[in-house]
Amino acid sequence: KFLREVLQSSGEQDVEVAENGERARYLFYISLDFNLVITAMALPDMGGFDLIQTWRNDGFDVPTIILTKSDEVSLPISAINSGGNYCFLNCNYTRESLLSTVETLLTRKKTQSLNRQQMVDITKMKMELEQTVSNLTNIGKALSSEKDFQKLLEKIVFHARDITAADACTLYLLEDNRLHFKIVQYASLGIIMGGRSDRPIPFAPLDLVESDVACYVALKGET
């Protein structure tokens, strides 16, 4: 009762109390959403560490406070050192020591979760970068081996759209100091003009003025 009152007074609204280890296991597995477990070293039907080890064996490493008497601490210390989010707390704890231990464990869990997510993100970025490099290498080989000029232009447009996940793409060539439309594609509208298609491009060439985005890129060599 004291534990519940202390935790609820600190802002923890959902506090479940189990009278024995079996009940604790049942409550844990029907929810799988506990932020913290507080258990005694010795429960009526099993050891507190046996309860924790059950969850660990199933892949759950929930932060746990183990309430102990001073002569109990040395018993499971080697097992505790094998890993896990655990803290010992003497049975004669105060409200302040309990809340401090709770904060320590929850902060550790949050930090570990952030670190794991960062590792996942880094691994994902690494795999995406490796895939991009591989794709660019294959694109370079394909473009360098293409002898048909119109096919080459179409491959440039195709791969540019694929890499950037773009819905539309326009390819210009600089001729007579103006930008001439050579290929226009707009996937969602089903538009394919120029290139080897049978649809001519009806747009007039663009005069090279910096106010036009495509012309600015042609003039400055930058986006």
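User: I am new to this structure. How should I read a polar contact?

Analyst: A polar contact is a pair of N or O atoms within 3.5 Å. Keep in mind that this model is predicted. Here, the side chain of Gln-185 makes such a contact with the side chain of Arg-161, at 2.8 Å.

User: Where does Gln-185 lie, and is Gln-185 buried or exposed?

Analyst: Gln-185 lies in strand E5, which covers residues 178-186. Buried means under 20% relative accessible area, and Gln-185 has 13% relative accessibility, so it counts as buried. Leaving aside neighbours within four places in sequence, Gln-185 is in contact with several residues, including Val-157, Asp-167, Cys-169 and Ile-192. Arg-161 is also one of these contacts.

User: Thanks! Now the aromatic rings: which residues form one aromatic cluster?

Analyst: The cluster is formed by Phe-28, Tyr-29, Phe-34, Trp-55 and Phe-60. Rings pair if their centres lie within 6.5 Å, and by this rule there are seven aromatic pairs. Take Phe-28 and Phe-34: their ring centres are 6.1 Å apart and their planes are at 15 degrees, so this pair is stacked. Phe-28 is buried, at 3% relative accessibility, whereas Phe-34 is partly exposed, at 24%.

User: What about phi? How do I read a positive value?

Analyst: Most residues other than glycine have a negative phi. Ala-165 is not a glycine, yet its phi is positive, about 55 degrees. Ala-165 sits in the loop between helix H6 (149-164) and strand E4 (168-175), and it is exposed, with a relative accessible area of 68%. Asn-177 also has a positive phi, near 60 degrees. Asn-177 is found in the loop between E4 and E5 and counts as exposed at 60% relative accessibility.

User: And what can I look for at the two ends of helix H7?

Analyst: At the start of H7 (residues 213-220), a side-chain oxygen of Asp-212 reaches to within 3.0 Å of the backbone nitrogen of Ala-214. Just after H7, Gly-221 takes a positive phi of about 70 degrees.

User: Last one: where does pLDDT stay under 50?

Analyst: That happens over residues 75-82, for which the model has 11 contacts beyond four places in sequence. Where pLDDT is low, the predicted coordinates should not be read in detail. For the protein chain, the mean pLDDT is 83, and 90% of the residues reach 70 or more.

Notes
Residues numbered from 1 in each chain as written. Predicted model: local features only at pLDDT ≥ 70, side-chain atom pairs only at ≥ 80, totals over all residues. Heavy atoms only, no water. Phe/Tyr/Trp six-rings, centres within 6.5 Å; stacked < 30°, edge-to-face > 60°. Buried < 20%, exposed > 50% of the residue type's maximum accessible area, 1.4 Å probe, protein only. Helix = DSSP H or I, 4+ residues; strand = E, 2+ residues; numbered from the N terminus. Polar contact = N/O pair within 3.5 Å; in protein donor to acceptor, adjacent residues only side chain to side chain. Contact = heavy atoms within 4.5 Å. pLDDT = per-residue confidence, 0-100.
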